[in-house]
Amino acid sequence: MSSVPTTARLIDGNALARSIRDDVARRVAALAARGVVPGLAVVLVGENPASAVYVRNKVKDCAEVGIASTLDRLPADTSETALLERIVALNADPAVHGILVQLPLPEHIDEHRVIEAISPAKDADGFHVSNVGQLVVGEPLFRPCTPYGVMKMLEHAGTRLDGAEAVVIGRSNIVGKPQALMLLAAGATVTVCHSRTRDLAAHTRRADILVAAVGRPNLVTADMVKPGATVIDVGMNRGADGKLCGDVDFAGVSRVAGAITPVPGGVGPMTRAMLLVNTIEAAERGAR
Ligand code: NAP
């Protein structure tokens, strides 16, 4: 964390994620009393080192709250057909409430086809087009974990969304677009910026809520931020010093913003926590 004096309130993702995990653990215990154990199936294809760390953390998070998880580690040369067959089996397994196929997949496998093979009722990442559609029409089933976590952070920070100007930088299917939809559903007036946006700062300076989801260190500087704004930094980058950093110049923006998330310790732990929320919600739906 920076030693520069700050004025912005810190939105502590670690602390909020901890309280969300505690709540999930209570809900797991309540389901156990009814003989239901929530289950998450994680599938990893290949040896991508970052993916291996992510799935290990997901399995560990599940164990901590009492969710039963399985990890399928499939070799990098697994055929698309074999992977699809595994998904069909998981779709049919009543002990599995959520399925997550870690992305990216090896190049010979069509990612879209794999996501679409997952039952929308078990799509723990919320990437299936059916779940995207549910979000578009305002009746979400599974919400993508990162933007869902951001919404929880805004709620926790007491940020007013109704009527607020929200600017999202980034238009990916997993963060930017679903983030914009969730903010819109909450009553914000939403602008989505991207690499082709002319005069990014002209947009960001209007934002009461600014979400940066790009993947470029220091893209958002203090002069681009409206005084008092809530700034959410989704970015996860390695800075020149090799340290993890976001898209926002934290030290500079902290002196202008009203509230800000740090990196690390901001959106990252919330993304992990929301996967547990998606899984317990699926198990609760199944038990109803
Ligand atoms: P992505 O698919 O690469 O999308 C990046 C977006 O940023 C694109 O829409 C791109 O525009 C836009 N962009 C690129 N350069 C820009 C610029 N100079 N000005 C404005 N917009 C620009 O990335 P992603 O998957 O959404 O992830 C974004 C960041 O969030 C990454 O750092 C990633 O590691 C991080 N992330 C963090 C978490 C977490 O849990 N903390 C979770 C997911 C992702 P175009 O569409 O025009 O190319």
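Which loop holds Asp 199? This is taken up in the last view. The model is predicted: local features need pLDDT of at least 70, side-chain atom pairs count only at pLDDT 80 or more, and totals for chains, interfaces and linings use all residues. Residues are numbered from 1 along each chain as its sequence is written, and side-chain values use heavy atoms, with hydrogens and water left out.

**View 1. The shell around the ligand.** The ligand is surrounded by 21 residues, where a residue is near a molecule if one of its heavy atoms lies within 4 Å of it. The closest are Arg 171, Ser 172, Ser 195, Met 236 and Thr 271. By class, the shell has nine nonpolar, 10 polar and two charged residues; Ala, Val, Leu, Ile, Met, Phe, Trp, Tyr, Cys and Pro count as nonpolar, Asp, Glu, Lys and Arg as charged, and the others, Gly among them, as polar. Helix H10 (residues 267-287) gives the most to this shell, with three residues. Helices (H or I, at least four residues) and strands (E, at least two) are DSSP runs, numbered from the N terminus.

**View 2. Side chains at ligand oxygen atoms.** Ser 172 has a polar side-chain atom 2.5 Å from an oxygen atom of the ligand. For Ser 195, the distance from a polar side-chain atom to an oxygen atom of the ligand is 2.5 Å. For Thr 271, it is 2.7 Å. The protein buries 71% of the 930 Å² that the ligand exposes when taken alone (accessible areas by the Shrake-Rupley method with a 1.4 Å probe).

View 3. Rolling a probe the size of a water molecule over the atoms shows where empty space is left. On a 1 Å grid over the protein atoms alone, a cavity is a set of points where a 1.4 Å probe fits but cannot get out, and lining residues have an atom within 4 Å of a point. Grid points are joined across faces, edges and corners, and a volume is the space filled by probe spheres set on the points. The count comes to one cavity of 30 Å³ or more, and the largest cavity holds about 50 Å³ of space. Its lining includes Ile 99, Leu 100, Val 101 and Leu 103. Strand E4 (residues 98-101) supplies the largest share of this lining, three residues. By class, the lining has seven nonpolar, no polar and two charged residues.

View 4. Side chains of opposite charge can pair when their charged atoms come close. Arg 27 and Glu 284 form a salt bridge (2.8 Å, N to O), defined as a side-chain nitrogen of Lys or Arg within 4 Å of a carboxyl oxygen of Asp or Glu. Arg 27 is in helix H1 (residues 13-32) and Glu 284 in helix H10, 257 residues apart, and the pair links distant parts of the chain. The whole structure has nine salt bridges.

**View 5. Backbone exceptions in loops.** Most residues other than glycine have a negative phi, and most peptide bonds are trans. Asp 199 is not a glycine, yet has a positive phi of about 55°; this residue lies in the loop between strand E6 (189-193) and helix H8 (200-204). Leu 103 and Pro 104 are joined by a cis peptide bond, with omega about 0°, and Pro 104 is in the loop between E4 and helix H4 (111-117). A cis peptide bond also joins Val 263 and Pro 264, with omega about 0°. Pro 264 is in the loop between strand E11 (259-260) and H10.

Terms used:
Polar contact = N/O pair within 3.5 Å; in protein donor to acceptor, adjacent residues only side chain to side chain. 1 Å grid on protein atoms, 1.4 Å probe; cavity = no way out; pocket = protein on both sides within 12 Å on 5 of 7 lines; lining within 4 Å.
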